[in-house]
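Work through the exercises below with the sequence and the 3D structure at hand. Each task is followed by a solution in steps.

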Amino acid sequence: MTSRTWKIFIIVFFSLQCGKDIETLSKTPQKKPNNSAAPTTASSTPSKNKDTVYKNPSRQIRRLTLDLQNRLPSSEETEIYTRNIDTAESLTTFFLKSNDADSAMATLHRNFWDLWQPKTLEQLSATDAALRTAMTTASTDLLLDDPIKTLRFMISQDESFEKIFTKKYSLMEPSTAIFYNQTSAQGPDVDTNVVVYSDISRPNLGILSSFGWNASLPKTSGSKNYSGAAEAIRKLTCLSFNSATAHNFGQAGIKTVDSSLLSTASSHSSCTSCHNQFHTLAEGLPYLSSSTTLTNWLTYDQNAFSSGIYKGKSYLTPDELANLISADSRISSCELENVVEEIFQRKLSSLADQDLKQILFERWTESKNVRNLVSDIIASPEYQHQVFGSAGSITNNLSSVRVFGPAQWDGFIKQILPQYTIRNLVLQNPAIGKSAGNPEIIPLANLVPRQRLNGYEKQFIPSEIYTQSAFDLAVRIADAVVATELSSTALAQNRKVLSSVPDFDAFGATSTEVKNQISDTWNKWTSLKTTSSDYRISKLYSVYSESIQTGSTDLEKARNAWKWVLTSILIAPEFIIY
Amino acid sequence: MKILFSLLTLIFSYSALAVPPKILVINVEGGWDPTMVFDYKGDIGGIATDGGALTTSSGLSWVSKSSRPSVDTFMTAEATKTIIINGLYTKGIGASDTIAQMGIAKQRTSEVYTDYMTWYASQVFPYLTIPHLLIDSPSVPGEFQGKSYQLKLDDVKRWTSESLQVPASVSDWSNWSYENALSGKSGTNLDTTKISTLYLNQKRNLSLRPVFSGLYNPALSDFKNRASIALTSFKNNLTGVATIRHGKPDEWNTRSPGTSHFTEQNTLYESLFSDLTWLISEIVSSDLSDNIVVVVRSNLGRNPLLNAQGGKNPWPYTSLLLWSKLWTGGKVVGQFDSNLMGVPMDPIFGSTGTGNKIYLTPDNIFAAIFSRASLSPSGFWLTPDPAMVLFQEATP
């Protein structure tokens, strides 16, 4: 029995066993947080209009699948769910227990993976010949994926969230082992290796000790460690120490940069709020090490500070430090907030949001179990309303609109182009003028507005930052699909997308075949049921008709035509909004 | 009599201009050292300087040194249109360069508020496709972020090399499908606000890409390309305000210099002022010079003292340079004290002895510039006192 068959079987099984009216579900979360009254606001009150609740079941399953598994539902799943609309709860439960869900839940912790700054790695390797040799684009990508792999593994083991800071290992790929000064050490029961920190004298701080995570911190030179430390603390605690007065010595009452700075700073809250409370934490992080976090601050008067409050301070042992971090409620609160915002795709801002966060936090602190947390969030009235409620009934509430974010793009690309990742779409096909021997790597980082990479991400809902780049991404995905699926040897039966047009270059496809292919792809990607005579399909067919004119060979013409048809589908609101 | 004259000047300054000026902002990232060009401190002990000599032309004073001939060339030629502001307090000395950038761009580190230029652009150029165009510059989020568009020169280069010709039918499809979604015809039944944002982004992607991709000139430096794109966008009424970066990100951060602080900043200043001279000639030849303001700003200043690495740490007081035909230049406003901190002054009359003395901040400067378009940030910013001293004519 294939895994797809298994899934269908399980869905059908649950469909038969666990019938529950979806309207009831929307009013009664499957795990009601702490038995407290759910926050009731205009934005979080479920719709009671049965007609609207049942209005668009295919869109509902699309949302659940994209949110909880980061992928599009198969047509079989959509079909089954549509026929068995009662099974929302069992379906949700099923989704949360799958392997895909482990990955999806790991990606919700964007603090641990989302700020990708390969420059740091370049600088790291610049001083180490062995690392420089080993650092290919592929290994860099894999290295940056280490934290998320580790997190995914811990979630799959139902480990407490706190343990991600106290685990003595990171998962790693064989090609990234050299970054950890390792050759190969077999890890837990996954297809990756493991690096044990005790073997290489690195602090035991769980995934925070991984190179991948540290590489995500913005520091562009050795003198920027202070920024890295501040950013690490900000990412972990959701607290900003970059207040207007934090480093304004004038406002702190310090007139000159001499020893008076020390005496004032050591008792001034704008200094000590960060330096005292988080000094140990910042200094414990690898590459933000020891005195550099304060040196820059202290250099205003080296002599004064050489005998200052931090001189000779002995830091906690790595294990103690790890425990300190894992027990810090600010960190778990921050992580909760991040996960909720990632799922809701909006900032938590209203008073009702704070109530909801409080309820979730109480349950979260009981178990620190990520799976339970996600389960609680999707059982909340807000999520239930977003997914199952009628958008029309909550006018002026933007939260009902969900947009393809990085996780959804990533999952989608994996579905149709298994050989690619969102981080790099390797463009090496003649159709776009790149030579096979010299592939151009387009990191996702290049597609994202710079401010996202520099730490402003808290301002945005996670998905929003990618909308500016959606067109670029769509073109690249479409390019990669046609390069993969249309060639002199390509057989239609082996294609994942263009399976309804003829073998090889598909240039001679009839208008019926083309329209069928367009409507097949449209329906699969949008979860809509559109016939090939629909006006949208006709409109897309006009894109095909125009684009097929461009190119010098049949293959070029066909690739061009399908590239723009697929791009058009990928930028359509019916696809990008879910 | 002097006060009366100043008040008249003030009233005149607030009067509306027929067409609001376009603004070109040049970001010098990382923090320049004002003592090397803008304020001579070579005669003050306790401040490490690069020497040179104070020079004056048409009322404008600057630090002249033979190793920076382009500074002299620019200042001499453009003195009557140039204003230097010294002792400007940026709040920029923070934990990260982005925070420092926010300090100069909007004078507050909160991410909730928009930056000055986007606010201005949203007020006076709301009808343009890109009210505020940022090229390789930090976009500061806020209420008006839909009014700004971030463009990366690398993207323009890539678009040029890819020669991506988007078929008209794809643009048609995109417009059509989003209009359907907005009108509820597509079956999405979703809120329109976010769809509108997506629509705007898609339209920009589809319509601006071919516009910008044709603007990259490999024969020019990156800065000149950014400037050319900005000026072309002005001329084609694509944008009203543009913010561009000079040089590389954080290039002026000489905290840990490879050679020495002064050597590196000397090279950077020489390059900057050489480019500014080129820029002014481009502005003139583009027929934009009659109604444009050029702002050259740095997010930070640099510490009065050298550190152990031979560099200078960041410092919250800095300088700013303005160029425009819209005012009488040839003046230096504000000053640094002997500790290289700003000297509090009256933003209206420029007095440092009496009156309502404050530390000059970007708030005051930009409020004054925006007053040329009859805009008052009162009610939007916390401290809207416009530094009208900028526009005072010399007492007859």
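**Exercise 1.** Within what distance do the axes of helix 8 (residues 222–235) of chain B and helix 9 (residues 261–285) of chain B come, and at roughly what angle do they cross?

*Solution.* The model is predicted. Step 1: the two axes come within 11 Å, and the crossing angle is roughly 25°. Step 2: angles under 35 degrees count as roughly parallel, and helix 8 of chain B and helix 9 of chain B are therefore roughly parallel to each other. Step 3: helix 8 of chain B passes helix 9 of chain B in a right-handed crossing. Step 4: helix 8 of chain B makes the contact through B:Phe223, B:Lys224, B:Ala227 and B:Leu231, and helix 9 of chain B through B:Asp275, B:Trp278, B:Leu279, B:Glu282 and B:Ile283. Step 5: sorting the residues of this contact gives six nonpolar, no polar and three charged.

**Exercise 2.** Determine whether A:Phe161 is buried or exposed, and find its contacts beyond four places in sequence.

*Solution.* Step 1: locate A:Phe161 in the loop between helix 10 (137–156) and strand 1 (169–172) of chain A. Step 2: a residue is buried if 20 or more other C-beta atoms lie within 10 Å of its own. Because A:Phe161 has 24 C-beta neighbours inside 10 Å, A:Phe161 counts as buried. Step 3: leaving aside neighbours within four places in sequence, A:Phe161 is in contact with A:Ser332, A:Glu335, A:Lys368 and A:Val370. Step 4: take A:Glu335 from that list; A:Phe161 and A:Glu335 are 174 residues apart in sequence, with 9.4 Å from C-alpha to C-alpha.

**Exercise 3.** Compare the span of helix 26 (residues 511–526) of chain A with the expected value, then find what covers its buried residues.

*Solution.* Step 1: helix 26 of chain A has 16 residues and reaches 22 Å from its first C-alpha to its last, close to the 22 Å expected at 1.5 Å a residue. Step 2: list its buried residues, among them A:Val514, A:Ile518, A:Trp522 and A:Trp525. Step 3: the cover over the buried residues of helix 26 includes helix 27 (535–547), helix 28 (554–571) and helix 29 (573–576) of chain A. Step 4: look just after helix 26 of chain A, where A:Ser527 takes a positive phi of about 60°.

**Exercise 4.** How many helices and strands does each chain have, and what share of its residues is buried?

*Solution.* Step 1: chain A has 29 helices and four strands, while chain B has ten helices and twelve strands. Step 2: buried residues make up 49% of the 578 residues in chain A and 54% of the 396 residues in chain B.

Technical notes:
Residues are numbered from 1 along each chain as its sequence is written. Chains are lettered from A and ligands numbered from 1 in the order in which they are written. This is a predicted model: local features need pLDDT of at least 70, side-chain atom pairs count only at pLDDT 80 or more; totals for chains, interfaces and linings use all residues. Helices (H or I, at least four residues) and strands (E, at least two) are DSSP runs, numbered from the N terminus. A residue is buried if 20 or more other C-beta atoms lie within 10 Å of its own, exposed if 12 or fewer, and partly exposed in between; C-beta atoms are placed from the backbone. Two residues are in contact if their C-beta atoms, placed from the backbone, lie within 7 Å. The expected span of a helix is 1.5 Å times one less than its number of residues. Axes are lines fitted to C-alpha atoms, for helices over the stretch in contact, and angles run from 0 to 180 degrees between N-to-C directions. Angles under 35 degrees count as roughly parallel, over 145 as roughly antiparallel, 65 to 115 as roughly perpendicular and the rest as oblique. A crossing is left-handed if the near helix is turned anticlockwise from the far one by less than a right angle, and right-handed if clockwise. Ala, Val, Leu, Ile, Met, Phe, Trp, Tyr, Cys and Pro count as nonpolar, Asp, Glu, Lys and Arg as charged, and the others, Gly among them, as polar.
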